[in-house]
Amino acid sequence: MSNEDSPNSDDGDPPEGIQLQYDWSSTEPSAAVVETTAQAANCDHQELGPLYDSIDPDALDAILAPPTTTNTDTTTSISFTYAGYSVTVQSTGTVHVAPV
C-alpha cells in the first residue's frame, strides 16, 4: 500500500505543524498563539475557542515578556493544548503549533 492510498499512515514521524517567529516587543505572545493556531487550522482566529479556556493569556504574556536587559542566557518554554493543537511558545519568539 502506498502513502497515496493511506494518507493517515503512521510512519513514526512527529505530527506536522507550523512554526513562526515573532518579536515579543511588537506582538503579545497570547496574540501570536491565536494567530499561529488559526493559520495551522486554516481558519479565522474568531472561529477558535477562547485562549483562556486553555491558559491564562495575561500570565503567558507576563512570563514571556521581553527582558529589560539584553543579556540573558535563559530560554523559557511553555507548552499546552489549545483548540485541538499542541502549542509550544518560547521566550525567543518562537511559536510551534501541531495537531494533537
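## Contacts of valine 33

Contact here means heavy atoms within 4.5 Å. In this predicted model, and with neighbours within four places in sequence left aside, valine 33 is in contact with Leu51, Leu60, Phe80, Tyr82, Val87, Val89 and Val95.

## The largest nonpolar core

Val33 also belongs to the largest nonpolar core, a set of 19 residues in which Val33, Phe80, Tyr82 and Val89 are those with the most contacts inside the core. The elements that give two or more residues to this core are helix H1, covering 29-41, together with strand E2 (77-82), strand E3 (85-90) and strand E4 (94-99). Among these contributors H1 gives the most, with four residues. As a general background to such an arrangement, nonpolar side chains in soluble globular proteins tend to be buried together.

## Strand pairing around E4

Strand E4 is joined to E3 by five bridges, and these two strands run antiparallel. Within this pairing, tyrosine 85 stands opposite proline 99 in E4. The hairpin formed by E3 and E4 has three residues between the strands, and in that hairpin glycine 93 takes a positive phi near 105°.

E4 is also joined to strand E1, which comprises residues 18-21, by four bridges, and here too the strands run antiparallel. On this side the bridge partner of glutamine 19 is histidine 96 in E4.

## The aromatic pair

How many aromatic pairs are counted in the model? The count comes to one aromatic pair, formed by tyrosine 22 and tryptophan 24, whose rings are stacked with a distance of 6.0 Å centre to centre and an angle of 5° between the planes. The angle explains the label, because planes under 30 degrees apart count as stacked. Both tyrosine 22 and tryptophan 24 are buried.

## Serine 91 in the E3–E4 loop

Serine 91 is found in the loop between E3 and E4. Is serine 91 buried, partly exposed or exposed? With a relative accessible area of 23%, serine 91 is partly exposed, because the buried class requires a value under 20% and the exposed class a value over 50%.

Note on methods: Residues are numbered from 1 along each chain as its sequence is written. This is a predicted model: local features need pLDDT of at least 70, side-chain atom pairs count only at pLDDT 80 or more; totals for chains, interfaces and linings use all residues. Side-chain values use heavy atoms; hydrogens and water are left out. Rings of Phe, Tyr and Trp (its six-membered ring) pair if their centres lie within 6.5 Å; planes under 30 degrees apart count as stacked, over 60 as edge-to-face and the rest as tilted. Buried means under 20% relative accessible area, exposed over 50%, partly exposed in between (1.4 Å probe, protein chains only). A nonpolar core is a set of buried Ala, Val, Leu, Ile, Met, Phe, Trp, Tyr and Cys residues joined through side-chain atoms within 4.5 Å. Two strands pair if DSSP finds at least two bridges between them.
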